[in-house]
Amino acid sequence: MFAAVGVRGHPHPRCACYISPEFTQQALDALRQPLESGSVLIARANHHVTYPARILLAAAMNPCRCGGGPGAGFCRRGPRCATEYQARLSGPLLDRIDIQLDVPPVTAADLALPPPVEGTAEAAARVMRARAAQSARGAGLNAVLSLDALERVAKPDAPGAALLSKAAETLSLSARAYHRTLKVARSIADLDGAEALRRIHIAEALSLKRQWAGAEQGGFAKVS
Ligand SMILES: [Zn+2]
């Protein structure tokens with residue numbers, strides 16, 4: 001499952017996911033169980049019902065309640081506004097969200113830029129090739145790999161293993177975060193068409209967690 005958190009300038013202001021921190025903390029933390037198990041248990045009086053809930057969660061939020069966040073000209077309350085607002089998402093919930101990115105507002109200069117080299121159709125084709133590569137391994141898509149299968153298909157090279165080991169120690173990664181990082185790195189390698197899982201893939205996966213990026217000097221994204 002993947003999601004983007006900390007999005008500025010959400011392009012779809014009427015999208016329901018826009019208001020995620022406005023839900024109660026109890027409602028937000030109720031997402032933890034289905035995100036973890038792929039099923040949701042509803043208990044009422046003497047009845048318990050379990051429904052399948054293997055989902056891809058995509059969520060977006062503003063940096064603070066004011067909208068633009070500190071420094072963007074919208075927030076008059078200062079850094080504390082963003083700190084309090086973002087704290088409404090608990091650490092255990094964030095631990096279950098594999099990709100977290102800050103997305104800066106689109107500027108007028110951005111609008112004048114030429115279109116990206118890889119368009120939507122080309123990106124979609126690359127995603128389909130990556131999914132086909134995962135299916136061909138016979139262990140299922142990366143998101144649902146068992147630990148045994150993960151060890152088999154997402155074994156990083158020695159530099160990659162060393163980087164992940166160091167990051168696990170430096171960032172005090174949970175076992176869940178460690179294994180999820182390997183899955184994201186495996187998907188990055190698949191999107192690159194690479195059979196081997198290398199250090200650069202591990203570095204990029206680590207850089208896609210907002211609270212981890214920059215934890216090392218220069219950030220993991222710059223590690224090659
Ligand atoms: Zn604010």
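The questions below concern a predicted model.

Biologist: Why is Ala-45 called exposed?

Modeller: Ala-45 has 5 other C-beta atoms within 10 Å. A residue is exposed if that count is 12 or fewer, so Ala-45 is exposed.

Biologist: Where is Ala-45 found, and what is its phi?

Modeller: Ala-45 is found in the loop between β1 and β2. Its phi is near 50°, a positive value in a residue other than glycine. Most residues other than glycine have a negative phi.

Biologist: What makes β1 and β2 a pair?

Modeller: Six bridges join strand β1 (residues 39-44) to β2, and the two run antiparallel. At least two bridges are needed for strands to pair, so β1 and β2 pair. Ala-43 stands opposite His-48 in β2.

Biologist: How many residues of β2 are buried?

Modeller: Zero of the six residues in strand β2 (residues 47-52) are buried, and the strand is hardly covered.

Biologist: Why is Ser-172 counted as exposed?

Modeller: Ser-172 has 8 C-beta neighbours inside 10 Å. The limit for exposed is 12 or fewer, so Ser-172 counts as exposed. Ser-172 is found in the loop between α8 and α9, and has a positive phi of about 50° although it is not a glycine.

Biologist: How do you know that the length of helix α9 agrees with its number of residues?

Modeller: At 1.5 Å a residue, the 18 residues of α9 (residues 175-192) should span 26 Å. The end C-alpha atoms are 26 Å apart, so the two values agree.

Biologist: What covers the buried residues of α9?

Modeller: The cover includes α4, α6, α7, α8 and α10. Among the buried residues of α9 are Leu-182, Val-184 and Ile-188.

Key. Residues numbered from 1 in each chain as written. Predicted model: local features only at pLDDT ≥ 70, side-chain atom pairs only at ≥ 80, totals over all residues. Buried ≥ 20, exposed ≤ 12 C-beta atoms within 10 Å, placed from the backbone. Helix = DSSP H or I, 4+ residues; strand = E, 2+ residues; numbered from the N terminus. Expected span 1.5 Å × (residues − 1). Contact = placed C-beta atoms within 7 Å.
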